[in-house]
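Hi,

Here is the structure I promised to pass on to you. Have a look at it first, and then read my notes below.

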Amino acid sequence: MMQRQRGTSSSNPNWFAGKFGLEVEAQRYDLKQQRLSRYPHPTNLGDRRTQPYFQSDFTESMEELVTTPQPSTKAALSQLHTLQSLLQQSLRSDEIMWPLSMPPAVTDRDLELVKSSAKRRPWYADYLNYLLEKYGSLQQIIAGVHINYSPTAAIISAFQQQGSYADRQAAQTALLFSLAQQLVGYRWLITYLFGATPVSENANRQFPSKIIQQFPVRSLRSSSYGYANRSEVQISYASPTIFFRDLQAAVATQKLASVSEFYGPVRLKGGDSLTKLQATGPQYVEFRLFDDDPFSNNGISAEALNLVHLLIVDALVNRPVWTAADLQAAMQANESVALAHPETPLAPELYQQALQLEHRLSGLITRAPVVLRSSLAASQKFLAQTIAHPNQTRAGQLLPFLRGQSLTHYAQVRGCQIKTSYANQTADQAMPEIPTKFHGMYLQALQLGFPVMVTVDQHLKVTINGRQHYFTKPVNLTNWAEVN
């Protein structure tokens, strides 16, 4: 059971600050042929070697949208929505975005094409082929959502002072690792609420019979049978020292090719190698807990993102102490919850933990900045209502759409609904946080791969070749960049 230690200072709006980023993966799907799309990555979305917003993941059909760090969860969702709008506009007439994390049914020919897709990206081919050989195609084309968070300088300073850390880097590492422990500790709750992979369209190719017999479950992706490393890779979150030691040992013994191959639920980020990460310290934390949400056009809901925000603030303000035993129990709980039937209630101990958490989060919201309270309260209300009603969880909501052990029909219909919704929206709806006069310029910046944001005085800041430029009126960025 988790022990708790109260923080030394009361909450204030600074604890709710920080930067948030989102990464959402999904497959392009050929509706006419009823298979993974065989069209290439849309050329109008830029060069994947340099384009920060529009990437493709393991295979050519697997799109990945990446927002820049944003000052709020609302701003991150807003930019994600704009990226989704551009992606949807780039689809062929017979394509949709498959709304589920588990891939559609594949044929032998599909798998051959997945294996050959690395040839389209020679700069990445060796690593893709290594993963393919080790894990197989079907695991690598499971999609998901990652949430990134970095604290403000003020939060790091307060954390350093309260923890009596002499070194700022040590304080930042401890802070980010405490958030990693918090989300690992409550991963089972995220899986319970937002798990949305109850079945596989490729069950016999992908899962042992003992797991297939349990279908439907809450989240195949979040279980040890989903997007996970082999069982020989055991990385402990007991402390930063143990975490880095285990990672280093896994790489040294070639159980992992690099830290990029670590598929744990939370990763510390900030260096392109383990050596650099340890030397300079992590700069942000990446939460890899979420299945694609088919009930959200963006792939992740505001309720989910704001619940993560509340868990972050709870960790910063209330300073829970997670023992190695606590974290091990939480991992076991997550496996049990992930492989349970979607209508199975939480175990009594987990139910009580969820109630206690909901009570703490409710208290935190009263001290949040006014501008955040309504959105945070909506997440807290969703948690309170769903703790005792598993039919209201994402997996529970998917049950009525099952045809036998398949969600193919639902995914096809839902993908069409989402595509139509984006096609019918106005420019203001596609870019809700962007001044109308900058709509065209903002879209152009995204397609060109230039980091872009709206300033507090409603100007546009665009970074080109490492230099920041401020615009008070729209310009053609292609022409402007050529002469500047």
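**The nonpolar cores**

The largest nonpolar core has 102 residues, and L179, W188 and F287 touch the most other members. A nonpolar core here is a set of buried Ala, Val, Leu, Ile, Met, Phe, Trp, Tyr and Cys residues joined through side-chain atoms within 4.5 Å. Helix α12 (residues 302-318) gives the most to this core, namely eleven residues. Apart from it lies another core of 36 residues, including M62, I141, A203 and F207.

"Buried" means under 20% relative accessible area, "exposed" means over 50%, and "partly exposed" is in between (1.4 Å probe, protein chains only). Helices (H or I, at least four residues) and strands (E, at least two) are DSSP runs, numbered from the N terminus.

Before you go further: this is a predicted model, where local features need pLDDT of at least 70 and side-chain atom pairs count only at pLDDT 80 or more, while totals for chains, interfaces and linings use all residues. Residues are numbered from 1 along each chain as its sequence is written, and side-chain values use heavy atoms, with hydrogens and water left out.

Back to W188 for a moment. Which residues is W188 in contact with, leaving aside its neighbours within four places in sequence? They are A330, A333, N334, V337, L346, L350, Q353 and A354. Contact means heavy atoms within 4.5 Å.

**The chain as a whole**

Zooming out, the chain has 20 helices and 13 strands. Its C-alpha atoms fill a box of roughly 60 × 55 × 45 Å, taken along the principal axes. With 484 residues, a compact globule would have a radius of gyration near 23 Å, and the chain agrees with that at 22 Å. (That radius is taken over C-alpha atoms, and the globule rule is 2.2 Å times the number of residues to the power 0.38.)

Buried residues make up 57% of the 484 residues in the chain. Among contacts with a separation of 6 or more, 73% are between residues 24 or more positions apart. The accessible surface of the chain comes to about 20,400 Å², and 51% of it belongs to carbon and sulfur atoms. Those areas come from the Shrake-Rupley method with a 1.4 Å probe; for residues, only the protein chains shown count as cover.

Helix α1 is mostly covered, with 16 of its 18 residues buried.

**Salt bridges**

Side chains of opposite charge can pair when their charged atoms come close. How many salt bridges does the structure hold? There are 13 salt bridges, each one a side-chain nitrogen of Lys or Arg within 4 Å of a carboxyl oxygen of Asp or Glu.

One of them joins R48 and E60, whose closest N and O atoms are 3.0 Å apart. R48 lies in the loop between β3 (35-36) and β4 (54-56), and E60 in the loop between β4 and β5 (62-66), so this pair ties together parts that are twelve residues apart in sequence. R48 is buried at 13% relative accessible area, and E60 is buried at 7%.

T59 sits in that loop between β4 and β5 too. T59 counts as buried, at 5% relative accessibility. Leaving aside neighbours within four places in sequence, T59 is in contact with Q27, V114, S117, R121 and I141.

K134 and E261 meet in another salt bridge (2.7 Å, N to O). K134 lies in helix α3 (residues 125-135) and E261 in the loop between α10 (240-252) and β8 (266-269), so the pair ties together parts that are 127 residues apart in sequence. Both K134 and E261 are buried.

R288 and E286 also pair up, with their closest N and O atoms 3.3 Å apart, and both residues are buried. Salt bridges that share partners join R28, E63 and E95 into one network.

**Backbone details**

The peptide bond from F215 to P216 is cis, with omega near -5°. You will find P216 in the loop between α9 (209-212) and α10.

R319 is not a glycine, yet its phi is positive, near 50°. R319 is in the loop between α12 and β10 (320-321) and counts as buried at 15% relative accessibility.

Q458 is not a glycine either, and has a positive phi of about 65°. Q458 is in the loop between β11 (452-454) and β12 (460-464) and is partly exposed, with a relative accessible area of 43%.

Cheers
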